[in-house]
Amino acid sequence: MSGSKAEPVFERPVPVLGRSAMVALIVTAILMVAWESWVRSEGVTPAYRNSDGQWTEQRRRINNGAGDGWVFTGSSRALFNMQLSIWERLDNRRPLQLALEGTAPVKVMESLADDDNFTGKLLVGVAPGLFFSGYEYRRSALDRYPQESPTQWFGHKVSVLFEPYLAFYNYDFAFPTILRRQPLPARDGVVVDLDVRKLSNMERDRNTRLWDKLVYDEEYRELAKKIWAQNWTPLAELPPPVQEKLLESRQKQLDRATAATRKLQAKGAEVIFVQMPYEGHYAVSEIDIAPRDLTWDVLLEQTGALGLHFQDHEEMQGYYLPEWSHMTAEDADRFTEAFYGLVQRELAAHEAVGGNP
Amino acid sequence: MLFNSLTFVVFFIIVLLLHNAPFSWRIKKTNLLIGSYIFYAAWNPPFVILLWLSTVVDWFVANKLYLETRQARRRMLLFVSILVNLGMLSYFKYGGFILENFQALMASIGIDYRAPDWNIVLQVGISFYTFQTMAYSLDVYLKRAAPAKSFLDFALFVTFFPQLVAGPIVRPTQLIPQFKLPKVATRQQLTWGFALITLGLFNKIVIADGLLSQAAEKVFGASEMLHPLDAWLGTLAFAGQIFCDFAGYSTTAIGVALCLGFSLPDNFRFPYAAVGFSDFWRRWHISLSSWLRDYLYIPLGGNRKGNLRTYANLMTTMMLGGLWHGASWTFVVWGALHGGFLALERWLAKHFGGGTFWKRWGPRFVLALITYFLVNITWVFFRAQDFATAWRMIDTMLTFNMDGKKVLPMIDVLLVTGVTVVMLAIHWFMRNRYLHDVAAATPRWLLAGAWGLMLWLIIISQGQSSAFIYFQF
């Protein structure tokens, strides 16, 4: 603004700090080296972050020519157990990995059903407790795809430059996360849910392998099991309004999944549902919340889609699940190879009897 | 883009390099203007159009106003500026709120009016830049200043990226003159600028997001009556969170501007050490409170038209200030409470404020604690998503009903208590001091150590680039 009526221009007082900035940087560098060393001593190796940006990037590939191939979705079992390199070796084409841990995949199915760029084959992992409850732990990733801002897009591109070199750059080792898992006396009447710990390592295109710490570190493995089983209550013992809500969600999820599958089938896309192996606590809890005859069987009947349940196929049995839910990296390789053969065979048989409705 | 994002780190490095490159001052200012548009467009590119609209309208209005002598024409020109700025603000921010209330009003007189869905995306920072541009036209209208001579300077004033989306709301007289002459930060300014950026980001990423946000979310997200300890801790957590979030943004903005050689005014001065509400508003969101004082409270008559009118003006100003924060009646109540406390303080000071008793340390400390207590009560209305939640919270906080549910784990009890005690101690210590003076007087090894520690905690906190709370206002 001009003119003599303007007040004097404010100039911020500035202290003389000498070489403080340089010393501060040295302090930070020393602390960072110590921190990175500690994280690596915990068995962590640098890997790509399982970020919303990473998922969005893969989802976007469908619009860039990858929409006519295999796409995997589902929850963590589909994410950890399906090995893209093995599938690529057998199929001559690398599939897309769109599974999200702790998240029902129905919204992904709906998104692909509405996307003209997708005409390929969709493998949908069904973790009953998630699929039929509609729980979406990674809802933020699902929301990000249609509305990713330029700054989010660019931030992801910068982040992936660092991710493969820094072990500490990992959600499970963020300072507030570490603070929150310190063993403290519980407050009377407060139900504490322990956060799920690091379970896997991710590659650039979201190919994911179970962290080997779960194999060699018994204490860590037991902790993972404890977290899966914490605060679980059988459906029948839940308060009636909660039971009612869960049953409503089950029906809603069935309806949504059926509608999305039919839409996908109508445009020529193939949909294959798969239930991967689980045991221990999950052998009880999955069936409790989503009995097979009331959920899985209904889903297949309503959609006419091919469904592969681990209880029905030898190729899907006999794998080591250290924490009841996910295969070791080596077993995931074996599983993917065996499963690929099974899928091809079952698809051919399915098509022979009429295929999609 | 957000200050706490990798995108901003890259952006700021490029801006700094260009600003220190051997270009003419005009080219450097153009770089800053383009950079500011990129900064804003990085959220949603089409929003830049409204920024341009606000810029162009106020540029032409102010120039015409300055030359115009006929009062009626001057009023009309000012009306155009206010219409465009408040019109945009109303449409994007208050459209849904107005429709909802209109629907409720119609229903109350038996008319079944169904408002259409109002799916308008709120523009980031619209409340800030519309107030900033309005101040420009108002200053020219009130003959407090002449318009800028350069359109580039004015456009940069409206758009200057460090303070574009969440303030400080800078007056034209504070910033436009700084664009006249070439400015590059000195080494000392650059160092202090980076120190302020570190402090601001530490407040936001480590304290607000890392240590306090979860407790506030758990408590204000609960749908049942809570235990009084949980209700109080959740409220204290929010008090700390909103301060560290907003003051963190302002401090970062001031630091970023200083790295480029520009001085932005303070927006916070350790408000939780305030003795009374008038003191609080001289320390909290200073740029907004002074804007409301100069462009609303004083034009309404301020304290020049008798006691009753003064109280009414205070209430009006603070209620509108509350509404500025968000399109909800809970914000209006928050503003009304502040207006009420300001009026009460004024009345008490007039009748009981004489003598030296209230100037002693002890009574002032007690008054500061009472102020902090009442400020926390007001935060309940600010944070609660509806009145049901707010009343439930207030009920348990004031009646100490011990039957309520406990939701906070021990870690939150410790974090909120620890952060609150340390924060209050710092605010009280800094009450009559300036940060730059304290920094200058601190031993270098201690300052460097604390700086390095904060930087390390920022990095290992791995912030999720969460938006600043005030971006929604």
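In this predicted model, helix 12 (residues 307-325) and helix 13 (residues 329-352) of chain B have axes that come within 7 Å and cross at roughly 150 degrees. Axes here are lines fitted to C-alpha atoms, for helices over the stretch in contact, and angles run from 0 to 180 degrees between N-to-C directions. Helices (H or I, at least four residues) and strands (E, at least two) are DSSP runs, numbered from the N terminus. That angle makes helix 12 of chain B roughly antiparallel to helix 13 of chain B; angles under 35 degrees count as roughly parallel, over 145 as roughly antiparallel, 65 to 115 as roughly perpendicular and the rest as oblique. The crossing of helix 12 and helix 13 of chain B is right-handed. A crossing is called left-handed if the near helix is turned anticlockwise from the far one by less than a right angle, and right-handed if clockwise.

Who meets whom here? On the helix 12 side of chain B, the contact includes Tyr311(B), Leu314(B), Met315(B) and Thr317(B), while helix 13 of chain B brings residues including Phe331(B), Val332(B), Trp334(B) and Gly335(B). Two residues are in contact if their C-beta atoms, placed from the backbone, lie within 7 Å. Sorted by class, this contact has 12 nonpolar, 7 polar and no charged residues. For the sorting, Ala, Val, Leu, Ile, Met, Phe, Trp, Tyr, Cys and Pro count as nonpolar, Asp, Glu, Lys and Arg as charged, and the others, Gly among them, as polar.

Helix 12 of chain B also packs with helix 11 (residues 286-297) of chain B, at an angle of about 130 degrees and with the axes 11 Å apart. Helix 11 and helix 12 of chain B are therefore oblique to each other, and helix 11 passes helix 12 in a right-handed crossing. Leu288(B), Leu292(B), Leu296(B) and Tyr297(B) of helix 11 take part, along with Asn313(B), Thr317(B), Leu320(B) and Gly321(B) of helix 12. That contact splits into 5 nonpolar, 3 polar and no charged residues.

Next up are helix 9 (residues 228-259) and helix 16 (residues 410-430) of chain B, whose axes come within 10 Å and cross at roughly 50 degrees. That makes helix 9 of chain B oblique to helix 16 of chain B. Their crossing is left-handed.

Zooming out, chain B is divided into domain 1 (21-182) and domain 2 (219-235 + 267-472), with bounds that come from an automatic or database domain assignment. The C-alpha centres of these two domains of chain B lie 28 Å apart. Their contact takes 17 residues from domain 1 and 12 residues from domain 2. On the domain 1 side, helix 4 (71-108) and helix 5 (126-141) of chain B are the elements that give two or more residues. That side has 12 nonpolar, 4 polar and 1 charged residues.

Then there is the meeting of the two chains, which takes 47 residues from chain A and 55 residues from chain B. On the chain A side, helix 1 (20-41), helix 8 (150-162) and helix 9 (175-180) each supply at least two residues. Helix 1 of chain A gives the most, with 9 residues. The chain A side divides into 30 nonpolar, 11 polar and 6 charged residues.

In chain B, confidence is lowest in helix 4, at a mean of 86, and highest in helix 16, at 97. Over residues 2-6 of chain A, pLDDT stays under 50, and the model has 11 contacts beyond four places in sequence for that stretch. The complex as a whole gets an ipTM of 0.90 and a pTM of 0.91.

A word on bookkeeping: residues are numbered from 1 along each chain as its sequence is written, and chains are lettered from A and ligands numbered from 1 in the order in which they are written. Because this is a predicted model, local features need pLDDT of at least 70 and side-chain atom pairs count only at pLDDT 80 or more, whereas totals for chains, interfaces and linings use all residues.

Notes:
pLDDT is the predictor's confidence in each residue, from 0 to 100.
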